[in-house]
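This briefing concerns the model displayed below.

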Amino acid sequence: MTVPATVESTPRTKTPFKIVPATVEDADAMADISGDAFCDDTHTLLQAVWKGKDWHREGSREHLPSLFTNPRIDIRVARKGLEGEGEVIGFIMLAKRGYPTPDATPEEEVARVAARDALPKSSSAVKLAPPPAPIQAPESEKLTIKELAETTNQAMNHYCELLMPVGCQCRFINGWNVASAYQGQGVGSALMRWATDIVDEDQVYCWVSSSMGALQAYAKAGFVEVGRLELKLDDYAQGVKWKQEDGSEKEWGTYFWPYMRRDPK
């Protein structure tokens, strides 16, 4: 979930675009944008050593189509053109939890509201408990990306329980990416504004499991870090170094996953 930064020597001409509902036909374009967005993310690059260069892109292409049939996820894309008739240049996915369902009985709706209202009040000012200790490798064996995945999944489950307790009503961002060629033109801001307008109108909080590189973009949109998983990637690299374009090698370094929350305005 990242919006990679770009460095520009001259201002770009802004491209006209429009935020419109996504269709399943947009899935491949979204997968390509997401794959490009993570091309310099060290956590993604480390996994690519064993999974292949395009593992993130290919995984997104396989996974995204199923989201279009999920009634709990709203997806919007930014399309080039004043009427949104052109190519997809960005997207955002906004999921929901604890909202009323169309087929709910009056009794079920009363129970849903009661459970929601019974929850203690919380806010982004409250820092959450840290995640459990990292998963360890079997005795005498090195840590691998298997333990890395298990540790990140464990942290996700931990923060999901804290950020989405039973009975809560909230939104969470499943993805927010902009094609690199169209960064700095207001595309990402427009997509995020669509999402924050919804949560503000509904008066619910929104949260996200961010990548390290996207922290500042989410902070600019009003999200506050409430939790974090931090790991040394070299612990999972089995001695493999990060190969640079010039042929040199360097350590992978420390990576962190910020869990962030935005309260309604």
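Are Tyr 218 and Phe 223 buried or exposed? Both residues are buried, where buried means under 20% relative accessible area, exposed over 50% and partly exposed in between, with a 1.4 Å probe and protein chains only. The model is predicted, so local features need pLDDT of at least 70 and side-chain atom pairs count only at pLDDT 80 or more, while totals for chains, interfaces and linings use all residues. Residues are numbered from 1 along each chain as its sequence is written, and side-chain values use heavy atoms, with hydrogens and water left out.

**Aromatic pairs and charges over rings**
- The structure holds six aromatic pairs, counted for rings of Phe, Tyr and Trp (its six-membered ring) with centres within 6.5 Å; planes under 30 degrees apart are stacked, over 60 edge-to-face and the rest tilted.
- Tyr 218 and Phe 223 are edge-to-face, because their ring centres are 5.4 Å apart and their planes stand at 80°.
- Trp 242 and Trp 252 form a stacked pair, 5.7 Å centre to centre with 10° between the planes.
- Trp 242 lies in strand β7 (residues 242-243) and Trp 252 in the loop between β8 (249-250) and β9 (254-262), so this pair ties together parts ten residues apart in sequence; strands are DSSP runs of E, at least two residues, and helices runs of H or I, at least four, numbered from the N terminus.
- Trp 176, Tyr 218 and Phe 223 are linked into a cluster by ring pairs.
- Arg 228 lies over the face of Phe 256, at 3.7 Å from the ring centre, and Lys 51 over that of Trp 55, at 4.3 Å; the criterion is NZ of Lys or CZ of Arg within 6 Å of the ring centre and within 35 degrees of the ring normal.

**Leu 45**
- Leu 45 is found in helix α2 (residues 42-51) and is partly exposed, at 24% relative accessible area.
- Beyond its neighbours within four places in sequence, Leu 45 is in contact (heavy atoms within 4.5 Å) with Cys 39, Asp 40, Trp 242 and Trp 252.

**Cysteines**
- The count of disulfides, defined as pairs of cysteine sulfur atoms within 2.5 Å, is zero.
- Cys 168 is in no disulfide, the nearest cysteine sulfur being that of Cys 170, 4.0 Å away.
- The sulfur of Cys 206 is too far for a bond, because the closest cysteine sulfur, in Cys 170, is 7.8 Å away.
- Cys 168 is buried at 4% relative accessible area, and Cys 206 is buried at 2%.
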